[in-house]
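Biologist: I would like to learn how to read a structure like this one. Please take me through it feature by feature.

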Amino acid sequence: MRAEFGDPCGERMVVPSLKLQDLIEEIRGAKTQAQEREVIQKECAHIRASFRDGDPLHRHRQLAKLLYVHMLGYPAHFGQMECLKLIASPRFSDKRMGYLGAMLLLDERQDAHLLITNSIKNDLSQGSQPVQGLALCTLSTVGSAEMCRDLATEVEKLLLQPSPYMRKKAVLTAVHMIRKVPELSNIFLPPCAQLLQERHHGILLGTITLITELCEGSPAALRHFRKVVPQLVEILQTLVTSGYSAEHSISGVSDPFLQVQILRLLRILGRNHEDSSETMNDLLAQVATNTETSRNAGNAVLLETVLTIMDIRSAAGLRVLAVNILGRFLLNSDKNIRYVALTSLLRLVQSDHSAVQRHRSTVVECLQEPDTSLSRRALELSLALVNSSNVRSMTRELQGFLESCPPDLRADCASGILLAAERFAPTKRWHIDTILHVLTTAGTHVRDDAVANLTQLIGGAQELHAYSVCRLYSALAEDISQQPLVQVAAWCIGEYGDLLLEGSCEETEPLQVEEEEVLVLLEKVLQSHMSLPATRGYALTALMKLSTRLRGDNNRIRQVVSIYGSCLDVELQQRAVEYNTLFRKYDHMRAAILEKMPLMERGGPQVDEEAEESKEARLSEAAPAPTEPQASKLLDLLDLLDGTSGDSQHPPLDPSPGGTLVHLLDLPCAPPALAPIPNVKVFEREGLQLNLSFARPSEIPALLLITATATNSSGSDVTHFVCQAAVPKSIQLQLQAPSGDTVPAQGGLPITQLLRILNPNKAPLRLKLRLTYNHFGQSVQEIFEVNNLPLETWQ
């Protein structure tokens, strides 16, 4: 015995073992971390010695001290086996400490946790209620899949015990088992109907959670529990009207935790089911109108009600009511509630655009929130609300926000304005003015294609050439730091410098510009340390084009061009050398070579499918050997790479049943014709859409080329987009690199990815796709099978 238990011989011990209370006081009294470690190391040594001596009477006290040391972050793994010994002990004090130690020290990664399975099984079958409760708590905390399979029958028996305490513990353990082993759902389906009759708060809350887990994991369970929707509606009706139990009411809201769980279950049961949705419509309207909104408990219930309304097949008036509730949330003083409202409205804007539009002014006010997370959500929602009727007013508000927004939001705001202007511009002049304002305000934050889009827009608007060159010259004279603006201005001055010098623009204030001023400004751009190599290239080309548009002497331009013939930048040097050659050897051709660019037709980001199909039909009639798409042109090269790539994830494709590769020289000179196969839409969610188009080279009938095209019509970019695919083992698949990982919002440039599938046995083609991406600030992963592929893809 140690000195702490009154042994007279204890005085001969060097350092006596401490009681738990004394250990806590001594650790808290340590002034330094070194002193704390010293105390703990000495006590751990005593605990180890006690475990070695096998003192059964005080083993639970030593383990209690060890658990306190474990909670402080110090290693306590040497107490795991002592937990097993205490659990096997017949004494309740030992079992209580043993089960607590098992919950803290054991987990699924350690094989030792499997050793307590028999002890838990015995306690569940023969133990008293307190012991059964301890065993159930431990099982629901550290129970692995193997333990859950072994002990599921015992837990099922306890679900119908007369004691409410045991039924509540058993229900929570069943929830853990279903999460670990979904195939156990058949065991727990029958008791749920009886448990729904309970009046005990804890049992009913646990039962609703258990049914939710069952419905999410099993379609059969979902169909089974749709029969209890009227019963769930009745329970929620009782909570809303008369109150369930006074002790569970919070801030005047009757049992909000139970209400939230029932609403979540109703949302699952009513999704894509007309009868269930109709049964709960009236109740949802009652909850939405009668719930107290002055406290967070009521707001939580209202939010779940809104999400349920929007997820089931509810009436149109009910959906408008849900959007109006979110609109009221936007006026709440709590930032968290406003953030939840913005996020929820962003999810609803695609399906209920007109209802969300009513709260546009409130959303725009949220742009000025000092909290960046709130202003980002408000920006995404504002961009999603832009349409052809409000594009002028919304763009004006967004431009005002762009001038004062935080730097990390400028790129998103600028890109959103440019995309909205491209999609809904009422006139070309308004479109040009909008882009110029964005380039002037946040030119360094715009997308890479902004320069090309604006030059294409200006080039296609002949009546606005004079107006555009005057506006751009004035903007360039004020600021040469915004590189995209400088590039567009240099291009425009080079193309339409004669109109600038004539001062023929009647829509702006008269602008008198001399040739000398234009040349000085472009030379300033060339010499500026802020100019990028690409910007200097634009300026040098503009000077060259002005040599055919100015009436004065070109010696100054020739001198500037010749200087850059020895520039360190290879691209700029090459341009200068070529321009010098034009001056020296081909001066008679210079005017023709440097003529104005022809008018450019602007193509939208999306191509009409019917027009594309009719165009392909016309081409096939006109030409006997149509050209194959760009993906097919890579076929020869890919066949060569298949034989040499060492780190390919898929085996080389074998286009012939005999197993021999088609060599490059074996292919015909004429490109193979493609068999017409209808396109298939396989995925659509919150504006993101994935379509599959098919092509089959006639010379290799076993080879199928699938082009996956991802488009985004929502108001927020889809980032980090990754598409992965799998096929049955009898089919070979190669995934080529995608064209990008960001799908721009508002119907921007789509992402394409080529899949090469070899199916020599003509087995039915099935695809399993996994999509991972970030959208509306959330990480999304979707896994689904595509079983509706046309017969032409594999026959």
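Predicted model: local features only at pLDDT ≥ 70, side-chain atom pairs only at ≥ 80, totals over all residues.

Modeller: Residues are numbered from 1 along each chain as its sequence is written, and side-chain values use heavy atoms, with hydrogens and water left out.

Biologist: How many helices and strands does the chain have?

Modeller: Both are DSSP runs numbered from the N terminus: helices are H or I with at least four residues, strands are E with at least two. This chain has 35 helices and eight strands.

Biologist: What share of the residues counts as buried?

Modeller: Buried means under 20% relative accessible area, exposed over 50%, and partly exposed in between, with a 1.4 Å probe and protein chains only. Of the 795 residues here, 50% count as buried.

Biologist: How do I read contacts along the sequence?

Modeller: A contact means heavy atoms within 4.5 Å. Taking contacts between residues at least 6 apart in sequence, 67% join residues at least 24 apart.

Biologist: Please show me a single residue.

Modeller: Take Leu184, in the loop between helix H9 (164-180) and helix H10 (185-195). Leu184 counts as buried because its relative accessibility is 9%. Setting aside residues up to four places away in sequence, Leu184 touches Cys148, Arg149, Ala152, Met177 and Ile178. Leu184 and Ala152 are 32 residues apart along the chain, yet their C-alpha atoms are separated by 7.8 Å.

Biologist: Where is Trp794 found, and which residues does Trp794 touch?

Modeller: Trp794 lies in the segment after S8. Beyond residues up to four places away in sequence, Trp794 touches Arg696, Asn759, Lys762, Ala763, Pro764 and Leu765. Trp794 has 17% relative accessibility, so Trp794 counts as buried.

Biologist: Is Arg319 buried or exposed?

Modeller: Arg319 counts as buried, because its relative accessibility is 15%. Arg319 sits in helix H17 (residues 316-329). Its contacts, apart from neighbours within four places in sequence, are Ile309, Met310, Ile312, Ser314, Ser351 and Asp352.

Biologist: How do I read a pair of strands?

Modeller: Two strands pair if DSSP finds at least two bridges between them. Here five bridges join S1 (residues 680-685) to S2 (residues 688-695), and the two run antiparallel. Val680, for instance, has Leu692 in S2 as its bridge partner. S1 and S2 form a hairpin with two residues between them, and Glu686 in the turn has a positive phi of about 50°.

Biologist: Which residues lie nearest the centre of the second largest pocket?

Modeller: They are Met310, Asp311, Arg347, Arg685 and Glu686, out of 20 lining residues. That pocket has about 680 Å³ of space. Helix H16 (296-311), helix H18 (335-348) and strand S8 (778-786) each supply at least two residues of its lining.

Technical notes
1 Å grid on protein atoms, 1.4 Å probe; cavity = no way out; pocket = protein on both sides within 12 Å on 5 of 7 lines; lining within 4 Å. Points joined across faces, edges and corners; volume = space filled by probe spheres on them.
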